[in-house]
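Reader: Good morning. May I ask a few questions about the structure that we are about to look at?

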Amino acid sequence: MIKKIPKYQFAIALLLFIQVLQAQVTITVPSGTLHTTGLTNAEWRKPMGTYFGYERTAMIFSHTEIGQYGTINSVSFYSDTIKTPGNTPVTIYMKEVPSFSFSAVGTTVANEESGAQLVYTGTLASTAFIKNNWTTITLSTPFLHATSNAVEIIIETNSTGTGNEINLGKGFYHYNTSVYAFQYWSQDNTPPTNSGALSYKRPNIQFDLTPVSGCSGTPNAGTTLSSTDTTCAAVSLWLTGNTAASGLTYQWQDSVASGAWTNITNATASSVVTSLNADTWYRCKVSCSSLFSYSTVKQVVMRSYLQCYCNTNLGGLCTTSAIDSVAIETTTLANGLTGCATNNYTQYPALGNTCAQLASGQSYNLHTRFKGNVIASVWLDYNQNGMFDSLEWKRICLTSTVIDSDYVTVLAVPANAKTGLTLMRIRSRAAGNANSYNNACTNFGSGETEDYFIGINYNVNTTTSNNQSAAILLYPNPANESFNISGSFAAGETIAIKIYSIEGSLINESMEVYSGKPLKTDIYVLQAGSYFVKVSGKGFSIVKKMLINR
């Protein structure tokens with residue numbers, strides 16, 4: 001006997017079946033026939049080639065192409081060429097962006113990853129790539145696409161070294177777009193820091209997406225997250241735990257005095273990248289029609305510009321292209337026979353013969369000598385913004401073929417140069433390579449980098465309370481296992497270092513005798529969080545804020 005199902009139960013079952021069908025959709029961009037057009041190997045193997053040790057891809061898909069709002073659960077790329085694929089360590093980031101194309105000038109990987117959400121990290125086995133098949137990556141953290149902005153995907157492959165497959169070990173279908181919607185980078189041995197190459201030939205993609213319904217009632221704005229708790233100039237902000245629905249609007253707000261909130265111009269997506277020049281609080285107003293709520297408040301601390309100079313991943317190999325001596329006439333700076341530094345980089349202390357005092361509106365002769373045939377440059381941060389700008393650069397030499405030759409470069413200090421402590425950078429590199437105004441932070445395969453503290457209308461060696469505060473550096477900040485303290489201390493001076501919790505409790509204290517080298521303090525026993533560091537010596541006592549990240 002067949003039991004008759006009541007009509008209402010049948011209707012409920014049908015509704016549940018329809019909801020299951022609607023719960024997940026696959027969107028192919030472009031729709032219809034797969035395309036591959038006019039590719040070079042450099043483009044063809046993206047986004048998951050491992051010919052180079054470090055390959056990067058960024059691609060943008062407009063909301064119109066995606067076609068609906070929802071949570072992206074996975075992405076797939078179509079393999080049309082399989083020869084000798086290697087195992088592929090992959091990291092994927094996603095973010096919403098207002099434009100559906102890149103600008104006409106390439107950008108850095110760091111710039112594209114700024115503000116992006118980490119959605120996947122793992123290793124795809126070589127067997128995951130099958131000719132004429134989609135390779136699917138299920139995201140460990142699904143990405144919510146809930147605004148009309150475009151979606152940018154940044155994919156890293158990190159096989160390290162010089163890669164693990166031939167030039168086209170695997171290739172993928174691409175489609176010729178009408179705008180620069182594709183950008184890529186490649187480099188062996190170290191991750192690329194240069195600007196990317198732009199292309200119209202963007203990879204074909206499939207999105208596995210769970211649609212979201214329209215908003216109703218008061219939304220949950222969720223928790224505010226940031227890319228960093230301390231910054232030099234900019235911060236990325238996004239939400240987590242917020243309502244997933246279409247029809248929501250977003251307005252980010254900031255406050256430099258807690259309680260006084262101001263709307264951030266053009267910050268109307270669920271994530272934002274914004275600049276700051278002081279300690280700032282942030283929150284987001286999330287609205288559904290006239291109903292709204294605010295996300296949790298997040299504070300971001302502004303670092304001192306002295307902590308913002310790029311000093312990692314500079315590369316170099318100074319055994320045959322080293323900086324041998326540096327001096328500035330009429331000043332105390334006279335640093336000779338410096339040799340080849342560990343990691344090809346040195347930041348000299350603001351003390352004695354490794355620092356100088358300059359006056360605004362005056363010119364000085366910089367003397368440099370090099371070991372080997374080099375191209376060399378100098379930068380001096382006159383506006384003290386923590387960066388080396390093009391107007392702060394001078395060429396020292398294109399080649400240094402004459403052994404032990406003294407190269408004289410005129411440093412003209414602008415009349416409007418900012419008063420205080422700043423940094424001068426000198427970089428050498430094997431002749432025949434690029435070393436110009438835009439290479440202050442570039443990873444070099446040869447040469448050496450040396451940094452010197454310079455006072456503009458400011459006596460670097462004067463030990464007073466005010467000057468000492470400006471001259472003391474606490475780095476790295478954020479710190480991990482240890483941090484260093486550099487300052488214009490007197491030789492043999494005893495320095496007291498005390499670490500306090502954010503609530504003011506004394507956590508650790510030590511006494512160090514200054515010997516001309518930065519003072520090192522181990523903090524591996526401390527938990528991650530914010531602390532205050534009090535540095536005291538003869539006639540001064542300075543408190544600096546420090547963040548421990550692990």
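Predicted model: local features only at pLDDT ≥ 70, side-chain atom pairs only at ≥ 80, totals over all residues.

Reader: Which residue has Trp238 as its bridge partner in β16?

Author: That residue is Leu225, whose bridge partner in β16 is Trp238.

Reader: How many strands form the open sheet, and in what order?

Author: The open sheet is formed by 3 strands in the order β14-β16-β19, and the pairing is antiparallel. Its edge strands are β14, residues 223-226, and β19, residues 271-275, each of which pairs on one side only. On average, neighbouring strands of this sheet are turned by 30° against each other, with direction ignored.

Reader: What holds strands of a sheet together in general?

Author: Strands of a sheet pair through backbone hydrogen bonds, in either a parallel or an antiparallel manner.

Reader: How many bridges are there between β16 and β19?

Author: Strand β16, residues 234-240, pairs with β19 over 5 bridges, in the antiparallel sense. Another residue with a partner in β19 is Val235, whose bridge partner there is Thr274. On the β14 side, β14 and β16 pair over 4 bridges, and this pairing is also antiparallel.

Reader: Is β16 mostly covered or mostly open?

Author: Strand β16 is mostly covered, as 5 of its 7 residues are buried.

Reader: Let us change topic. Where is Ile264?

Author: Ile264 lies in the loop between β18, residues 262-263, and β19.

Reader: Is Ile264 buried or exposed, and why?

Author: Ile264 is buried because its relative accessible area is 11%, and buried means under 20%.

Reader: Which residues does Ile264 touch?

Author: Leaving out residues up to four places away in sequence, Ile264 touches Gln251, Trp252, Gln253, Asp254, Thr274 and Tyr282. As for Gln253, it is 11 residues from Ile264 along the chain, and the C-alpha atoms of the two are separated by 5.3 Å.

Reader: One last residue, please. In which strand is Ser536 found?

Author: Ser536 is found in strand β38, which spans residues 529-537.

Reader: Why does Ser536 count as buried?

Author: Ser536 has a relative accessible area of 19%, so it falls under the 20% limit for a buried residue.

Reader: And what is Ser536 in contact with?

Author: Apart from its neighbours within four places in sequence, Ser536 is in contact with Thr494, Ile495, Ala496 and Ser541.

Notes
Residues numbered from 1 in each chain as written. Heavy atoms only, no water. Helix = DSSP H or I, 4+ residues; strand = E, 2+ residues; numbered from the N terminus. Buried < 20%, exposed > 50% of the residue type's maximum accessible area, 1.4 Å probe, protein only. Contact = heavy atoms within 4.5 Å. Pairing = 2+ DSSP bridges. Axes fitted to C-alpha atoms, helices over the stretch in contact; angles between N-to-C directions.
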